[in-house]
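Please look over the sequence and the model first.

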Amino acid sequence: LVFRTDVPPFDSTEVRRAVYKGTNVAEFQKLAGVKAAPLVWQAVWPGNPAYVPLEDLPKDIRTLYEYDPEEAKKMLAAAGYPNGFKTGVTVLTAQPWELDQASLLKDQWSKLGIDVEIHALDNAGNQSAKYSQPNINWEGIYRDGSPTANPVTYLSLFLHSVGGGGGGLNNYGMYSNPELDKLIDQINAELDPKK
């Protein structure tokens, strides 16, 4: 899921953390027919030397993978949304499983007081929404996947600020973090893989 981070409610890190806490990732794995995959697999996939398993992540990250809708509701209230909010999720109609995922998300987030409207678009509408920078024409969440196991590519394309030197070409959510941009720029300029 790509969050629209340039406008409320997903401009708030605390809201994003709360909704993740209120998302049962294991149910999405079941829906996809995945039986024994770890909950953490992005931006670096298991098997990559840079992969960090869930148990080795910091506690404030590990806790987000422990599904708890009641705690998520408390987190949303603390973030200023005690009654939840309305949002949308944009999916591609040509991929029926995306509609299934969106429906599961709608169901799970309804328990948090979040009303999710599913926007199912044909390919042309989907591409128009996906590449609408700088005038984003979708709301809330955009359903997308990364076709790469290379963390440098993922960071540069998906998380570097839009219009920055490192890319941000696929930063549909308009995420912006100057400290992360500097690190990504350093990674892209470094020729020694170990560094």
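The model is predicted: local features need pLDDT of at least 70, side-chain atom pairs count only at pLDDT 80 or more, and totals for chains, interfaces and linings use all residues. Residues are numbered from 1 along each chain as its sequence is written, and side-chain values use heavy atoms, with hydrogens and water left out.

**Confidence**
- Mean pLDDT (the predictor's confidence in each residue, from 0 to 100) is 86 for the protein, and 93% of its residues reach 70 or more.

**Sheet**
- Four strands form an open sheet in the order β1-β4-β2-β3, with mixed pairing; two strands pair if DSSP finds at least two bridges between them.
- β1 (2–3) and β3 (114–121) each have a single partner strand and stand at the edges, so one side of each lacks a neighbour in the sheet.
- The pairing of β1 with β4 is antiparallel, over two bridges.
- Valine 2 has tyrosine 142 in β4 as its bridge partner.

**Cis peptide bond**
- Proline 8 and proline 9 are joined by a cis peptide bond, with omega about 5°.
- Proline 9 lies in the loop between β1 and α1 (13–21).

**Second largest pocket**
- On a 1 Å grid over the protein atoms alone, a pocket is an open set of points where a 1.4 Å probe fits, with protein on both sides within 12 Å along at least five of seven lines; lining residues have an atom within 4 Å of a point.
- The residues lining the second largest pocket include Pro151, Gln186 and Lys195.
- α7 (151–159) and α8 (178–189) each supply at least two lining residues, and α7 gives the most, with three.
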